[in-house]
Amino acid sequence: MSQPPVFDEAFGRQFEELLRWRRDVRRFKRDPVPAELIEALLELRRATQESMRLAMERHEVLVEMGRTQRLLQHAERMARIGSWRVDLENQQTHWSTQTYAIHEIAPGEPVSLDLAIQFFPPGERERVEQAVSLCTERGQPWDMELDFRA
């Protein structure tokens, strides 16, 4: 079941402004309503509708991302494969749940790049280190299948 859309602070401010304008309109009920007020109300209505549309769109994207993430986790678990990425700024790796399971490390445990490389046999370590070096220096991506030690 999907969650209701989350509205941001800007939407809240627009809604409060709409309520203030609504009170003003009631006050002007017997008097002619200035054209500026009508234009402002129409603009506020358009902005509110746009905020609602964006909130719903964001919600749908988040739901789909969750489905995709669960599908990936399921596929990794069935195939007994894992995935990981490296934050080159702090040399920390980000492992999938299955990668933690393969290496018998508690999920969420921080793993440095140096420690992650130690799970590969010596010949494979050199390949990983070279790939990281080329990525850092030249922005060259890599996608390799390597042997490792659990």
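Me: What makes His74 partly exposed, rather than buried or exposed?

Reply: First, keep in mind that this is a predicted model. His74 has a relative accessible area of 38%. Buried means under 20% and exposed means over 50%, so a value of 38% puts His74 in between, and we call it partly exposed.

Me: Where does His74 sit?

Reply: His74 is part of helix H2. Its C-alpha atom is 9.3 Å from that of Gln98, a residue 24 positions away along the chain.

Me: Okay, salt bridges next. How do you know that Arg46 and Glu43 form one?

Reply: Look at the closest N and O atoms of Arg46 and Glu43: they're 2.8 Å apart. The cut-off is within 4 Å, between a side-chain nitrogen of Lys or Arg and a carboxyl oxygen of Asp or Glu. An Arg and a Glu at 2.8 Å meet that, so the pair counts as a salt bridge.

Me: Why are Arg46 and Glu43 said to be about one helical turn apart?

Reply: Because both belong to helix H2, which covers residues 35–79, and 3 residues separate them there. As for accessibility, Arg46 comes out at 45% and Glu43 at 41%, and each is partly exposed.

Me: Which residues are linked with Arg53 and Glu57 in a network?

Reply: Glu50 joins them: Glu50, Arg53 and Glu57 are linked in a network of salt bridges. The structure holds 5 salt bridges.

Me: What about Glu124, is it buried or exposed?

Reply: Buried. Its relative accessible area is 14%, and the cut-off is under 20%, so Glu124 gets that label. Its salt-bridge partner is Arg127, at 3.2 Å from N to O. Arg127, at 38%, is partly exposed. Both lie in helix H5 (residues 122–138), 3 residues apart.

Me: Now the strands. How do you know that E1 and E2 pair?

Reply: Pairing needs at least two bridges. E1 and E2 (residues 92–95) have 4 bridges, in the antiparallel sense, so they qualify as a pair. For instance, Trp84 has Trp95 of E2 as its bridge partner.

Me: What order do the strands of the sheet take, and why are E1 and E3 placed at the edges?

Reply: The 3 strands make an open sheet in the order E1-E2-E3, with antiparallel pairing. E1 and E3 (111–112) each have a single partner strand, so one side of each has no neighbour in the sheet, and that's what makes them edge strands.

Me: One last thing: how much space is in the largest pocket?

Reply: About 540 Å³. It's lined by 22 residues, and those closest to its centre are Gly82, Ser83, Trp84, Phe120 and Met144. Strand E1 and helix H3 (97–102) are the elements giving two or more residues to this lining, and E1 gives the most, with 3. By type, the lining divides into 13 nonpolar, 4 polar and 5 charged residues.

Definitions and conventions. Residues are numbered from 1 along each chain as its sequence is written. This is a predicted model: local features need pLDDT of at least 70, side-chain atom pairs count only at pLDDT 80 or more; totals for chains, interfaces and linings use all residues. Side-chain values use heavy atoms; hydrogens and water are left out. Buried means under 20% relative accessible area, exposed over 50%, partly exposed in between (1.4 Å probe, protein chains only). On a 1 Å grid over the protein atoms alone, a cavity is a set of points where a 1.4 Å probe fits but cannot get out, and a pocket is an open set with protein on both sides within 12 Å along at least five of seven lines; lining residues have an atom within 4 Å of a point. Grid points are joined across faces, edges and corners, and a volume is the space filled by probe spheres set on the points. Ala, Val, Leu, Ile, Met, Phe, Trp, Tyr, Cys and Pro count as nonpolar, Asp, Glu, Lys and Arg as charged, and the others, Gly among them, as polar.
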